[in-house]
Amino acid sequence: MAKLIVFVIDETQHVEVVFETWLRLGVPGVTVINSAGLRHQIKKYGSRDDLPFVVSLQSILQSRKDPHQLIFSVVRDDFDVDTLVVETEKVTGPLNNPDVGILFVVPVQGVWGLRTDEK
């Protein structure tokens, strides 16, 4: 079964090197999206009690100047995720340290169009 690798990285200056590292390790393609975590938003900017939750969340997210990056890719079942984690930590530092990010892997029930033979 294929795997979805998801990495939410806090320090965006590492994104390009992580991207290059993943490609070097054989990840067939990587997608990067801006994201913002609610915990970091509230910690940095505080919360507002005078507005409904959704409006308050929207104002917090719009004021963020340093977004996280969400990096993800689908890989074959036999892909060596442990090596990917080790090599990623060489770039970012240990994932167990605060404010580095979170990386997780989930099984993918089906996948169509996964290209593993392209460089």
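**Close-up 1. Strand β1 and how enclosed it is.** In this predicted model, strand β1 covers residues 2-9. Seven of its eight residues are buried, so β1 is largely enclosed by the rest of the structure; buried here means under 20% relative accessible area. As a reminder for reading the view, side chains in a regular strand alternate between the two faces of the sheet.

**Close-up 2. β1 alongside β4.** Here β1 is shown with strand β4, which takes in residues 101-108. The two run antiparallel, and eight bridges join them. To get your bearings, look for V6 of the pair: F104 in β4 stands opposite V6.

**Close-up 3. β1 alongside β3.** β1 also pairs with strand β3, made up of residues 68-75. This pairing is antiparallel too, with seven bridges. A handy landmark is I9, which has Q69 of β3 standing opposite.

**Close-up 4. A nonpolar patch on the surface.** Three residues make up this one: F19, L23 and V32. Together they have about 210 Å² of accessible area. L23 sits in helix α1, residues 15-24. Its relative accessibility is 38%, so L23 counts as partly exposed, a class that lies between the 20% and 50% cut-offs.

**Close-up 5. D99 and its positive phi.** Now for the loop between α4 (81-92) and β4, where you'll find D99. Phi of D99 is near 60 degrees, a positive value, and the residue isn't a glycine. D99 has 34% relative accessibility and therefore counts as partly exposed.

Note on methods. Residues numbered from 1 in each chain as written. Predicted model: local features only at pLDDT ≥ 70, side-chain atom pairs only at ≥ 80, totals over all residues. Heavy atoms only, no water. Patch = residues over 30% accessible without salt bridge, like charges linked within 9 Å, V, L, I, M, F, W, Y side chains within 5 Å. Areas by Shrake-Rupley, 256 points an atom, 1.4 Å probe, with all protein chains shown as cover. Salt bridge = Lys/Arg side-chain N within 4 Å of Asp/Glu carboxyl O. Helix = DSSP H or I, 4+ residues; strand = E, 2+ residues; numbered from the N terminus. Buried < 20%, exposed > 50% of the residue type's maximum accessible area, 1.4 Å probe, protein only. Pairing = 2+ DSSP bridges.
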